[in-house]
Amino acid sequence: LGLQFVEGVKRQDRVNARVRYIEGDFTVEERARWEAQFSTVPEPLTDEEKDDFMKKATGITISSDAFFPFRDSIDHASKVGVSYVAQPGGSVQDEQVTACCDDYGMIMSFTGVRLFHH
């Protein structure tokens, strides 16, 4: 995408900024914070550019260090090119979420390793 970040913007913030750039649906407050991350604020993507980008977005992996407790995350992931899902498992909804992945032809992998602690 060639986004020009200001020095010191952390890796995860860059990842999130790219996602928000593609989505493009900002509140006024979100846009102000988002723009502050760039040395040159990029022009918004056109609907045609977004559609073209999304057509090429395939084979993407989504993961969780806890678990996916409901199918809504998988429903959304199906719209953005996700093909693989990794999670530790352990939710009472694992069966429903796995069935949702199956409905979309996604591969669900249970890692058995939970890193999300309270």
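Leaving aside its neighbours within four places in sequence, with which residues is L45 in contact? The contacts of L45 are Y21, I22 and K50, where contact means heavy atoms within 4.5 Å.

## Basis of the model

This is a predicted model, in which local features need pLDDT of at least 70 and side-chain atom pairs count only at pLDDT 80 or more, while totals for chains, interfaces and linings use all residues. Residues are numbered from 1 along each chain as its sequence is written, and side-chain values use heavy atoms, with hydrogens and water left out.

## Overall architecture

The chain contains five helices and five strands, in the order β-α-α-β-α-β-α-β-α-β along the sequence. These elements are DSSP runs numbered from the N terminus, helices being H or I of at least four residues and strands E of at least two. Along the principal axes, the C-alpha atoms fill a box of roughly 45 × 35 × 25 Å.

Of the 118 residues, 28% count as buried; buried means under 20% relative accessible area, exposed over 50%, and partly exposed in between, with a 1.4 Å probe and protein chains only. Among contacts between residues at least 6 apart in sequence, 46% join residues at least 24 apart.

## Parallel strand pairing

Strand β3 pairs with β4 (residues 82-87) in the parallel sense over four bridges, and I60 stands opposite V82 in β4. Two strands are taken to pair if DSSP finds at least two bridges between them. From β3 the chain crosses through α4 to β4, a β-α-β crossover that is right-handed. Right-handed here means that, with the strands pointing away from the viewer, the path from the first strand over the helix to the second runs clockwise.

Strand β4 is also joined to β5 (residues 107-110) by four bridges, and these two strands run parallel. Within this pairing, A86 stands opposite S109, and the bridge partner of Y84 is I107. The chain passes from β4 through helix α5 (residues 94-104) to β5, and this crossover is right-handed.

## The largest pocket

The largest pocket has a volume of about 570 Å³. Of the 16 residues that line the pocket, V19, E23, H76, V80 and V82 are the closest to its centre. On a 1 Å grid over the protein atoms alone, a pocket is an open set of points with protein on both sides within 12 Å along at least five of seven lines, the 1.4 Å probe being the one that also defines a cavity, where it fits but cannot get out; lining residues have an atom within 4 Å of a point. Grid points are joined across faces, edges and corners, and the volume is the space filled by probe spheres set on the points.

Two or more lining residues come from each of α1 (11-23), α3 (47-56), β3 (60-63) and α4 (72-77), and β3 gives the most, with four. The lining divides into 10 nonpolar, three polar and three charged residues. Ala, Val, Leu, Ile, Met, Phe, Trp, Tyr, Cys and Pro count as nonpolar, Asp, Glu, Lys and Arg as charged, and the others, Gly among them, as polar.

## Two buried loop residues

Q37 is found in the loop between α2 (28-35) and β2 (38-40), and counts as buried because its relative accessibility is 17%. Beyond its neighbours within four places in sequence, Q37 is in contact with Q4, F5, V6, V9, D13 and A17.

L45 is placed in the loop between β2 and α3. At 18% relative accessibility, L45 therefore counts as buried. L45 and R33 are 12 residues apart in sequence and 18 Å apart in space, C-alpha to C-alpha.
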